[in-house]
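Welcome, and please get your viewer ready. We will go from whole chains to single residues, one selection at a time.

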Amino acid sequence: MDFPLFHLDFMGNRMLVAVVAIIHVIINHGLAVGFAPLVTVLEFTGYQKSKSDPVKGKAWDEMARKLMFIAFIITTTAGALTGVGIWVAASLANPASLGSLIRVFYFAWFSEWIIFVLEVVFIMIYYLTWKKSNESAKNKRRHILFGAWLSIFSWLTMAIIVGILAFMMDPGSWIEKKSLFTGFLNPIYLPQLIFRTPVAMMMAGTIALMITGYVMNKNNSHKPGIMKYISFWILLWMPVAAAGAFLYYWHIPRTMIGNLPVALGTQQFQDWYGSLLTVTLVVIAIGFIIGITGTFSPKRLPKHLLVIPVLASFIFLGTFERLREFIRKPFVIGEYMYANGILVEEYPLYQQTGLLKHTPYSEFSDITEDNKIAAGEAVFTLACSRCHTTHGISSVVRKFERLYGNAVPLDAEAMKAYVKSMHNVRHYMPPFPGNDAELDALTSYVAEQQKRPKKLEGPQIKGVNVKEINYEPVNSMK
Amino acid sequence: MISAILNQIPVPKDIPLPLPLPEWLLVVILVFSFLMHILFINLMVGGSILTFWYEVKGLKKQEYDRLARHISSTITVNKSLAVVLGVAPLLSINVLYTLYFYSSNALTGYAWLSIVPWVAVSFLIFYLHKYSWDRLASHKPIHLSILGTGIFSFLLIPFIFLTNINLMLFPEKWGEITGFFDALTLPNVFPRYFHFITASMAVTGLFLAWWFGRRKFDADTAFAPISKEWIRKQMLTLALTATGIQFIIGPLLFLTLPSKGVSWGLFWVILGGVTIAVIVMVQLWKLINEPEKQFGRRFYISVILVAGIVSFMGTGRHIYRENALKTHREMMAERTKAHWKAVKQAHENLLLPQVEGKEGSFLPGQNLFQTNCAVCHAATTRLVGPSMAEAAQIYRDNNEALKLWIKNPGRKRMDYPAMTGFPHLSDKQLTEISDYVLQKEWN
């Protein structure tokens, strides 16, 4: 309503955010939170071994350094930038919601930032002084200590973000308190953290195992020892991860189902919830097999096979990340703002007087026979385009074709009846925010889109039309 | 007529939540953290250009190659600090100028979004350059091309930021802009850009003069036959020259500022900065001509004075922004107020008794039907599901079968989507619905 609305008509704005966020989470969990402690432990073990066998110790140290090199390169480029990228993408996809969230979470993000700065400082010290640290035992011990600090701060950044996520999943506390602290008291906070921590450790193990498999020469006599060590690391975290996953899994329905606005959501939730269980079991089984094989006979691990657990753990994480997306709908901020960026409180006004009158970014105010299709496009942009495209991912035309079949042209009247009360049966959809004339324009636009498909370009390409809004100034003297 | 539409100033409404901190404090955080961020950006850009310069010189004289390599090792550290220190100003500008910043972001959408992969890839290129120094020692053209690509990226990325932050100040232009390149050509983007690049060289010169001149650092051995003294002089000269050039670009920037944000306050603040710049230039000149003392008081005073220039200019930048947006912010506040009054009115309207034209049915299932079923089922025509006339025919006198179906349906017709189940409805509700469906005349 109050912003020019960036729009990707093929990929959809939600997919954009999802892609950036998933990449970031994978790098964060796999190459920072879990990786830093694993490398530090490897380095420490190498240091211990060097006391009795300097050659062996050196080989272990060198492998640990190589692992850290890869983590250093990726986290300080793609990792850091996708973190900022979530902001950039999310504020393009839904500026109204990000603009609101930041006012409430400013402190959280600010403290997150301070810890992030420290994390980056530690990772630079840790990696860039590695070679120097091999000069003396004293330097080495101090270096290992930096590894420990890096591990702690990497974990802390995650612990804070999880608090923010937990808060956002709990609609009640936003409305009542508008304070962050409740996020950390949220019943889902600890299960989430207990789940994410071992998963990160495990993921880091699978990635480190794969890298070691490829980087170290087959004939290197130290390779089996290191592979065995990392496999054991995976195996060690496996039961914790499994326990965490189930704890989280048990907590979700208890805390969340009550929040689903329409009980029907429960059923859709159940289907999805079932697939989650399958993914969890498969991933744990794969990790277990690799962990056992690696621990007991590391030489039998074919290196190309090591790609599988890495991919499996990515899928695992991705599935769990979708959970939040699922639970928050139809809101983007629980009970406060719908996914279309419109406040719950503003709905009566828009439904009574229409949406278009209230936005400066559409040339239309009222619907006429002449402007119906063009105004329908404007309504689509305001009410639907945050989640739907015309013909791309989550296409509005295809959604209706799935309901009515594509043998006959879409019927604007039937769609009108549907949109008007769809939120009663499709719990994840917000109610239609405009008035009847706008609904009419919208459905005519959709029907027209089916007949003569036309890409809807965002303001990044076609700019925005601006109009003056008529309103009665409030007399401030009163 | 079209121009009449285009010249409108969009007046959106503000976000109806309070700022998390007093505005002045947020402004202090914004200005300070931005200057910290830009300092490291300066060092990163300036350092990469100098690396290139000395690596090219190193093709003939090997010692320059060593110098270039040493400078390059500062880039990757400075770039990491630049990124993390960029988060705080980003956060602050998001919260202080939400409506302006997000609007200009959307209008330059693709370019703005591209900074994420672009910066990540540029950084990777710099790592590649740094860690391939030995391996590509005998393939210098390739090594230099890698660096060249990285610098090219670094030099283009600021355009995106500047365009965005500039566009944000001119809501009256938003209706005219179609895409990034349009916004790029608004007055002031290019002067700002060159002001920034030149500042990068000045700051980098000063930094490297200190970096190579540190007492602990044995530059004489590291870069022999180049002497520590020579490097120091080079770097200070760079700082002096760049500062001098700012005396041409600076006024150009000031004169091309659209007048709506220029005020006497701004003028005096800028003049304050310029005055210090003159003193800095004198001090730098004296430093260059004082070979003995490496880092005496004069150097540190110069650094403090430069920090002074930067704070004056940073403040000036903020004053301009505030001036430029003042009127628009007032308009926005007024509209926001009116809007929330209208919202309140709309809520009151809801409480008015509803004027219902038709007399409601006496069947209790009707309401349930309207909220749950009417979405997909009409009386005689196909909507999502089959018509009720058809369905009532199938279940005639068979309430229980209909109830069972509603509660847990499946898919009977392949040309229709499967029906959603209603397991949450109570038995009583199901009975009411099925009674309604089977008793009503659907036609």
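Here is the tour, stop by stop.

**Before you start**

This is a predicted model, in which local features need pLDDT of at least 70 and side-chain atom pairs count only at pLDDT 80 or more, while totals for chains, interfaces and linings use all residues. Residues are numbered from 1 along each chain as its sequence is written, chains are lettered from A and ligands numbered from 1 in the order in which they are written, and side-chain values use heavy atoms, with hydrogens and water left out.

**Stop 1: chain A**

Now show the surface of chain A. Its accessible area is about 19,300 Å², and carbon and sulfur atoms hold 65% of that. Such areas come from the Shrake-Rupley method with a 1.4 Å probe, and for residues only the protein chains shown count as cover.

**Stop 2: a loop in chain A**

Next, pick A:Ser394, in the loop between α14 (372-383) and α15 (396-404) of chain A. Its phi is near 55 degrees, a positive value in a residue that is not glycine. Most residues other than glycine have a negative phi, and most peptide bonds are trans. A:Ser394 counts as buried, at 19% relative accessibility.

**Stop 3: chain B as a whole**

Move over to chain B, which has 16 helices and 0 strands. The radius of gyration of chain B, taken over C-alpha atoms, is 34 Å, well over the 22 Å from the globule rule for 443 residues (2.2 Å times the number of residues to the power 0.38), so chain B is more spread out than a compact globule. Along the principal axes, the C-alpha atoms of chain B fill a box of roughly 110 × 55 × 40 Å.

Colour chain B by its domain assignment, which gives domain 1 (13-339) and domain 2 (366-439); such bounds come from an automatic or database assignment. A line between the C-alpha centres of these two domains of chain B spans 66 Å. In chain B, buried residues make up 51% of the 443.

**Stop 4: B:Thr336**

Which helix of chain B holds B:Thr336? Select it and you land in α12 (residues 297-351) of chain B. B:Thr336 is buried, at 11% relative accessible area. Beyond its neighbours within four places in sequence, B:Thr336 is in contact (heavy atoms within 4.5 Å) with B:Lys13 and B:Asp14. Then draw a C-alpha to C-alpha distance from B:Thr336 to B:Ala374: they are 38 residues apart in sequence and 38 Å apart in space.

**Stop 5: two loops in chain B**

Go to B:Asn188, in the loop between α7 (180-184) and α8 (189-213) of chain B. B:Asn188 is not a glycine, yet its phi is positive, at about 95 degrees. B:Asn188 is buried, with a relative accessible area of 3%.

Finish at B:Pro225, in the loop between α9 (219-222) and α10 (228-256) of chain B. Is the peptide bond from B:Ala224 to B:Pro225 cis or trans? That bond is cis, with omega near 5 degrees.

Note on methods:
Helices (H or I, at least four residues) and strands (E, at least two) are DSSP runs, numbered from the N terminus. Buried means under 20% relative accessible area, exposed over 50%, partly exposed in between (1.4 Å probe, protein chains only).
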